Amino acid sequence: MLLLLYFVLPVWLIAGFADWLCHRATHIESTSGLKETYIHILMFLEMGTPLLLALFLEVNALIILLMIVLFFCHEATALWDVSYAVKTRRISPAEQHIHSFLEMVPLMALLLVISRHWPQFLALFGAGFEAPRFTLSLRAEPLPAGYIAAILSAIFVLEMLPYGEEYLRVRQARKQMK
């Protein structure tokens with residue numbers, strides 16, 4: 001659990017911020033534009049949802065299933081993103097490497113969650129000794145309030161503000177073109 005909370009999640013957030021820096025450096029507002037920004041927002045939602053579920057709710061078969069489905073949705077969206085972006089702007093080797101992190105770190109997080117809740121993962125497939133639980137309930141042992149405040153602040157500063165800025169910058173550039 002400590003590995004997930006204090007290493008994997010911070011690395012993921014830093015990679016997301018680094019990717020935004022790449023978008024800014026390649027002037028996304030005058031190249032791939034609003035479509036790529038919308039794709040980024042979609043990917044943010046695809047990974048933000050399971051993250052919030054894991055932070056606040058008991059992880060059970062339902063949460064694991066949602067995490068798996070949204071992980072694969074994110075992978076498909078990431079492929080769409082890069083397929084679109086390479087046609088409209090330069091994707092540097094550094095940005096490609098950052099994308100590697102943005103694909104593998106969520107997989108690492110998912111595997112760590114599954115390993116911590118193995119009986120409920122097995123229960124999804126009718127295996128193991130537990131019945132699958134498909135309920136939404138708050139964590140019996142909530143994460144420390146300080147950690148929640150810090151991670152939500154980091155998400156706001158490293159992800160929401162930068163990608164919100166990207167959206168506004170792209171919208172402004174689009175208005176100026178008209």
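Let me start with a term. A residue counts as buried under 20% relative accessible area, as exposed over 50%, and as partly exposed in between. Now take C73. Its relative accessible area is 33%, so C73 is partly exposed. Compare C22. C22 has 13% relative accessibility, so it counts as buried.

One caution before I go on. What you see above is a predicted model.

Now the overall picture. The chain has 6 helices and 0 strands. Read from the N terminus, the order of elements is α-α-α-α-α-α. What box do the C-alpha atoms fill? Along the principal axes, it is roughly 60 × 35 × 30 Å. The chain has 178 residues, and 43% of them count as buried.

Next, contacts along the chain. Take the contacts with a separation of 6 or more. Of these, 84% are between residues 24 or more positions apart.

Let's look at one pair of helices. How do we describe such a pair? We give the angle between the two axes and the distance between them. Helix α2 covers residues 33-56, and helix α3 covers residues 61-88. They pack at about 165°, and their axes are 9 Å apart. Are α2 and α3 roughly parallel or roughly antiparallel? An angle over 145 degrees counts as roughly antiparallel. The angle here is about 165°, so α2 and α3 are roughly antiparallel to each other. Their crossing is left-handed. And which residues make up the contact of α2 with α3? By class, there are 17 nonpolar, 4 polar and 4 charged residues.

Find it in helix α6, which spans residues 145-177. Is I155 buried or exposed? Its relative accessible area is 9%, so I155 is buried. What does I155 touch? Set aside the neighbours within four places in sequence. I155 is then in contact with L13, F44, L51 and M160. Two of those names take us back to α2, because that helix runs over residues 33-56: look for F44 and L51.

One more distance for I155. Along the chain, I155 and G16 are 139 residues apart.

To recap: 6 helices and 0 strands, a roughly antiparallel pair in α2 and α3, and a buried I155 in α6. Thanks.

How values were computed. Residues numbered from 1 in each chain as written. Predicted model: local features only at pLDDT ≥ 70, side-chain atom pairs only at ≥ 80, totals over all residues. Heavy atoms only, no water. Axes fitted to C-alpha atoms, helices over the stretch in contact; angles between N-to-C directions. Helix = DSSP H or I, 4+ residues; strand = E, 2+ residues; numbered from the N terminus. Parallel < 35°, antiparallel > 145°, perpendicular 65-115°, else oblique. Left-handed = near helix turned anticlockwise from the far one by under 90°. Nonpolar A, V, L, I, M, F, W, Y, C, P; charged D, E, K, R; others polar. Buried < 20%, exposed > 50% of the residue type's maximum accessible area, 1.4 Å probe, protein only. Contact = heavy atoms within 4.5 Å.
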